[in-house]
Each structure stands twice: as structure tokens, then as C-alpha cells.
Amino acid sequence: MLLNRFVSAIKNQSKDTLRAWSYQCESIFAQRSRRLQQLVSFYQSVYGSQGLKQLWRAYYRRELQPPLRGFMLSAVGIMGLNMKQLGSDGFDWNKERLDLANFDVCRRDIEFINTLPMNQICDRCAAKKMKYCYCLLGNRRCKKDGASIPAGGAPEPKVNDPAKEQLPDAGSIRNCQVPLDLDKEGSPVGTVRIQAEDEHTWEPYFSKNEFSIWRREERTSMYSYKVYARFDDITADDFLHVQTDLDYRRQWDDTALRLELISEDPVPGSNSHLIYWEMQWPRLFANRDYVYCRRFIKDDARKVILICSRGAKHNSYPAFSGKVRVTDYWSLMVIKPFRSFHEPGLHFILTYYDDPGIPIPQNIKSWVTQKQMPEFLTKMYVATKNYACSRALKMKDMFNSFALINDEYTANAQRASWLGSLKRHRRPKLSDDTDSGQRGR
């Protein structure tokens, strides 16, 4: 008798139980979906679409099991390469991807940063009133067996100097280059190399505020420049974001008239992009535009970020009328934090070269280098500060919205006490059964 009553009660209350259960699941699913949507919107607004993709790829590579991960990444990479070979965007990443060996040139820059407390000033840097000296390290030569020959801060003889050819082993700057042992897991190697005059020597140019600049003659009256600075109140991650986020750069760089992402390397871990950039020049000069390939790598073991760029070509972006296309262009950047990527404090070294395409008076070149370059770097620093501030405010607002969601979720009394409601519906029926039994007696 008791069992029959129990079965009958379950049948009568099954609809209420199912309805309460479905409402419970629906409420939890809606709450989780809303939170996920807000998380995606938050990370996209903070890191941009490119940063969100990189964040997902990092999580994807870390969480999947190694065998499955390797299989899936290989399949995706092969599929992406096949699509590119078919000419989906007219750019062959197999042939145009920047070689990781380009970062080996940055070894001396990293060594310069690591030895700053022991930095010695040479005579030429002292004459220019430089804060630091790169000449002693950057112009150091090595013999074929790897033995170092101190540069001494004095100008080295030209490569084609007959006096140098008579020496048994005068050494070479290139002999000192040793490959960097970077963390290249999952990164394709690449083929394109930067062509720089490694055997030419660096000389001090000028020092202004927190910037120290040296230059090196690449060709006759054409120089590459190396800039060093340190910032104590911005993080390396934020600085990298400002360097690589094209959407944000359009906001803070008023000289970037056009800045467009043409193509992105489909191979995971490559971090390579093809970019079009139109730069505003002073009046009486035509604007310069660039099509260049950019690649960066973040090495957690060495705690260093390296960015490499080089001029490239794309059929959809030919030389435009009224603009001067700069094809001979390359740059290397080293970002090294004081402690970690997310803590304030970093060193950075930028080495770059571009051929403007037409002869420019030396006074104009000096004006661009001595005035425009420090102003641009200062603007970049301010943009990083503003980005960090806006990101902190967005995080605060997002956490507040999460708290409101939790309050709404826990404050729903109907969902929290659905079992109690079942008991309340069950009691009248039991009392009715009791009354009917008494009447029968």
C-alpha cells in the first residue's frame, strides 16, 4: 500500500519535477553563456582580434595531449599551406616567411642589455656625450676559431682595405655571431633573411632624454640606426601589444594614414603577418608606403621578445601613384623585461634601416632621425601607458559585471528552492488522502 502511494506520488509530481529540472538547467546554461559572451567581448576589446586568436592558440597548444595536438596541428598546418599554395590571397608563405635565423643578429643586443651595469664608454661615445656605449660590443671582431678581438672603440679598417688583407687573421664581426638558443617549439623555420652590412661598424649618433642612438653605414650615405631605451613603468606584454595591434596603432599614431593586415600565416606558432603601411611625410614630400612581412617570437626561458620585419611584395598592393614605395626596409626589435613579461620595467633596442627611394638632403635625414624618431618613440610609450590604464578599467568593469551576474543567479528564490516547492505541492494531496480514509471509516 505504501509502495503504491509512493509510485502514484512520483507519477503525479513527475511533470513538476521535470519542469523544475529543465528550468534549473536552462538558468545555469543562460548564466554560463552570458558569462562566456562577456569574457569573449572583454578579451577582444582588451587584446584585439589578433591577440584573442593568439590567446586561443596558446591555450589550444597547451591543453591538448601531445599526440593528438601534433596530429591536429599538422593537419591544420597542411590544410592551410595547401590553401595558400592555391593562391587564396596571392601570397606564398612557404617562400616568403621570415627565417628564425634573423633573430640571431640580436644576440649582441641581448648581451648589451645584460651587461649594462658594466657598460664602458669609448672615446667616440664620450665625445658625443652618450649615456651608454654600443661600439665596444657591437664592433667586436672574432677570429675564425672564435677568439674575440676587442674593438677598442676605434674605427675598424674597411673590408676592402689592402692593409687589412695583409694581416694573417684580422677577424670579422660575422665570426662572432652565434645562433640564439630560442624556444622554437611549433614554430616553422622560414627562408627569408635580412641583408645587412654586418662588417660595417657602429658609431655614436646622439643621445636625447632616455634614448641613445647609434648608426652604421649600410651603403654610401645610407645608414641603419640602433635605438636603446628603458622604461620603468610599462610591461613587456603591453609594449608587445602596442607594437603588433594594428587597430590600436591607428588610434595613437597619427602618421599612419593606412595600416592594413593583408595576410596572416596559417601555420600555428608562426606569428607572421603581411602588412600594408602608408606613412605621412612632411609637406613638399610624397608619402611613403610599405608592404612588409613581420614576425615575432616570445621566449619564456630567456625572458625576451623579438620582432623582425622586412619589405615584401603583394600583387593586390602594387606601387600607387603619388606615393613612394619603400622596398628596401628591415627592422629588428628586442624587448627584455626587468623581471617578467607582466611586471613593469623593460629594456628595448630597435635596429632599423630603410631606403626612402630618392635622394634626400642630409639635413632632412638628420631632422627625421633626431626629432621625429624620439617623438615617435615617446608617443609609443604614452600609447602603452594609455593601453595599460584602459585595460585595467575594462577589467574592473568586467569583474563588477560578473559580481552582478552572481548576485542575480543566487537571488532567484524560485530556482534555489525548487525542491521545497515540490514538497509544498505534495502535502495537500497527502492530506486529502488522509481525509478520504477517515470518511470511509
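How many of the nine residues of strand β11 (residues 329-337) are buried? Nine of the nine are, so β11 is largely enclosed by the rest of the structure. Buried here means under 20% relative accessible area, with exposed over 50% and partly exposed in between, using a 1.4 Å probe and protein chains only. This is a predicted model, in which local features need pLDDT of at least 70 and side-chain atom pairs count only at pLDDT 80 or more, while totals for chains, interfaces and linings use all residues. Residues are numbered from 1 along each chain as its sequence is written, and side-chain values use heavy atoms, with hydrogens and water left out.

**View 1. The whole chain, for orientation.** The chain has twelve helices and twelve strands. Both are DSSP runs numbered from the N terminus: H or I of at least four residues for helices, E of at least two for strands. Of the 441 residues, 41% are buried. Take the contacts between residues at least 6 apart in sequence, and 66% of them join residues at least 24 apart; contact means heavy atoms within 4.5 Å.

**View 2. Strand β11 and its two partners.** Tyr329, Ser331, Met333, Ile335 and Pro337 point one way from β11, Trp330, Leu332, Val334 and Lys336 point the other way, and all are buried. Strands count as paired if DSSP finds at least two bridges between them. Strand β9 (residues 304-311) runs antiparallel to β11, with six bridges joining them. In that pairing, cysteine 308 sits opposite leucine 332 of β11. Strand β12 (residues 344-354) is also antiparallel to β11 and is joined to it by nine bridges. β11 and β12 make a hairpin with six residues between them, and tyrosine 329 has aspartate 354 of β12 as its bridge partner.

View 3. Proline 337 belongs to strand β11 and is buried, at 6% relative accessible area. Setting aside neighbours within four places in sequence, proline 337 is in contact with Ala236, Lys303, Gly345 and Leu346. Aspartate 237 is 100 residues from proline 337 in sequence, yet their C-alpha atoms are 9.1 Å apart. Helix α8 (residues 236-244) is mostly covered, with eight of its nine residues buried. Those buried residues are Ala236, Asp238, Phe239, Leu240, His241, Val242, Gln243 and Thr244.

**View 4. Cysteines without partners.** A disulfide is a covalent bond between the sulfur atoms of two cysteines. Counting any pair of cysteine sulfur atoms within 2.5 Å as a disulfide, the total comes to zero. Cysteine 122 is in no disulfide, as the nearest cysteine sulfur, in cysteine 133, is 3.4 Å away. Cysteine 122 is buried, with 4% relative accessible area. For cysteine 308, the closest cysteine sulfur is in cysteine 106 at 7.6 Å, which is too far for a bond. Cysteine 308 is buried as well, at 1%.

View 5. On a 1 Å grid over the protein atoms alone, a cavity is a set of points where a 1.4 Å probe fits but cannot get out, whereas a pocket is an open set with protein on both sides within 12 Å along at least five of seven lines; lining residues have an atom within 4 Å of a point. Grid points are joined across faces, edges and corners, and a volume is the space filled by probe spheres set on the points. There are two cavities of 30 Å³ or more. The largest cavity holds about 230 Å³. It has 19 lining residues, and Val105, Arg108, Tyr134, Gln177 and Arg216 are the closest to its centre. Helix α4 (107-114) and β11 each supply at least two lining residues, and α4 gives the largest share, three. The lining of the largest cavity splits into nine nonpolar, three polar and seven charged residues; Ala, Val, Leu, Ile, Met, Phe, Trp, Tyr, Cys and Pro count as nonpolar, Asp, Glu, Lys and Arg as charged, and the others, Gly among them, as polar. The second largest cavity holds about 30 Å³ and is lined by Glu96, Leu98, Val192, Cys293, Arg310, Gly311 and Ala312.

**View 6. The second largest pocket.** About 1,100 Å³ of space lies in this pocket. Trp277, Met279, Tyr290, Tyr352 and Asp354 are the closest to its centre among 41 lining residues. Helix α10 (residues 362-410) contributes the largest share of that lining, eleven residues. By class, the pocket lining has 26 nonpolar, eight polar and seven charged residues.
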